[in-house]
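Hi everyone, thanks for coming.

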Amino acid sequence: MKIAFVGKGGSGKSSVSWLAVKTLEDMGISTLAIDADHNMDLTSNLGLDPEKTPLMHKTEREFMEAVGLGENDRLVTLTTKEGSLPEFSFNPKDSYTASITTSISKTVDLINIGLGSPDVLYTTKCAHALSGPLKFYLGLLNAKDDVVIIDSVAGTDMMNYGLYAGIDAVIGVVEPHRNSVKVFEQIADLCRKVDIPFFGVINKPTDNEFYQGVKEKYGKKIIGEIPFDSAIMEYNFTKLSTETKGAMKAVMEKLQALPKRNGLSSIYKFQHSIKENI
Ligand SMILES: Nc1ncnc2c1ncn2[C@@H]1O[C@H](COP(=O)(O)OP(=O)(O)O)[C@@H](O)[C@H]1O
Ligand SMILES: [Mg+2]
């Protein structure tokens, strides 16, 4: 199962991603955490120094080699090469995956994309190009019965360039606040347009008009509510309330029951839905 947490800045993506990874660790499920945000919070939340992890954005050439492309080839050509491409795996790790992961515990590994690292400042490429390999890596990654948790840049941008076209579901993290709901709705809309399964998690619920509105409009798509918990702010899993632990465990169980998609053909469909919409 490959899922990404997406939402407005401050909605709780990095905290909920951390909570998901720790919950899966507690459940004994092998997990790959991917930190795809500039501020590299998930990496820090999981106790690592972002400057001391391998950075995926630096391995574009190695990625191209791993998928059999030359330096000047375009990544998009991969969508028509199904069958002749390698499959990536983190349990056990193929050699490319091994070169970009950091082990956090017996069952948890991390990939830090590193878009916020100082060397990104001096490159001529924009963050979109730097996260290009991630898009295809995700499509070619076979997670089997294990779980991939991706923490995202705030907002909707990555949805527009199909970064998550090859994963199984996008989870909008929403606070019961007008602007948070606005971004959540935009993400839901984009997922509908490009056919990516979408679900929502309400973070820090309070019973107000926004909370009621989201529950009413999205119904069963809302797969959980994460209460305010000061142990989340401290990233202290053992101090979490029973309610918080139970809420996240229930979310993970629902997600694991979802059908898996064929990553590469989903990216292919995404590219085509764009062309058709132009
Ligand atoms: N359920 C929660 N309970 C308590 N604090 C939370 C919760 N979710 C998020 N926070 C706090 O809210 C702030 C923003 O969360 P963060 O995960 O960094 O958001 P994002 O990654 O979406 O920008 C952080 O200070 C975090 O500790
Ligand atoms: Mg964050």
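First, some housekeeping. This is a predicted model, where local features need pLDDT of at least 70 and side-chain atom pairs count only at pLDDT 80 or more, while totals for chains, interfaces and linings use all residues. Residues are numbered from 1 along each chain as its sequence is written, and chains are lettered from A and ligands numbered from 1 in the order in which they are written.

Okay, the sheet. Eight strands make an open sheet, and the order is E3-E4-E2-E5-E1-E6-E7-E8, with mixed pairing. Strand E3 (101-103) and strand E8 (222-226) sit at the edges with a single partner strand each, so one side of each has no neighbour in the sheet. From one strand to the next, the twist averages 25°. On terms: strands (E, at least two residues) and helices (H or I, at least four) are DSSP runs, numbered from the N terminus, and two strands pair if DSSP finds at least two bridges between them. As background, strands of a sheet pair through backbone hydrogen bonds, either parallel or antiparallel.

Let's look at strand E2, residues 31-35. E2 pairs in the parallel sense with strand E4 (residues 108-112) over five bridges, and Leu32 stands opposite Asp109 there. With strand E5 (residues 147-151), E2 also pairs in the parallel sense over five bridges. In E5, Val148 is the bridge partner of Leu32, and Ile150 is the partner of Ile34.

So, how many of E2's residues are buried? Five of its five. Thr31, Ala33 and Asp35 are buried on one side, and Leu32 and Ile34 on the other. Buried here means 20 or more other C-beta atoms within 10 Å of the residue's own, exposed means 12 or fewer, and partly exposed is in between, with C-beta atoms placed from the backbone.

Helix H7 (residues 132-140) is mostly covered too, with eight of its nine residues buried. Among them are Phe136, Tyr137 and Leu138.

On to the core. The largest nonpolar core has 78 residues, and Ile3, Ala4, Val148, Tyr164, Val170 and Ile171 have the most contacts inside it. Helix H9 (residues 178-194) gives the most to this core, seven residues. By nonpolar core I mean a set of buried Ala, Val, Leu, Ile, Met, Phe, Trp, Tyr and Cys residues joined through C-beta atoms within 7 Å.

Which residues come nearest to ligand 1? Of the 17 around it, they are Gly12, Lys13, Ser14, Ser15 and Met233. Near means that the C-beta atom, placed from the backbone, lies within 6 Å. Helix H1 (13-26) and helix H11 (230-233) are the elements giving two or more residues to that shell, and H1 has the largest share, three residues.

Last stop: Lys52, in the loop between helix H2 (41-45) and helix H3 (60-66). Is Lys52 buried or exposed? Exposed, because 9 other C-beta atoms lie within 10 Å. From Leu141, Lys52 is 89 residues away in sequence and 24 Å away in space, C-alpha to C-alpha.

That's my tour, thanks!

Note on methods
Axes are lines fitted to C-alpha atoms, for helices over the stretch in contact, and angles run from 0 to 180 degrees between N-to-C directions.
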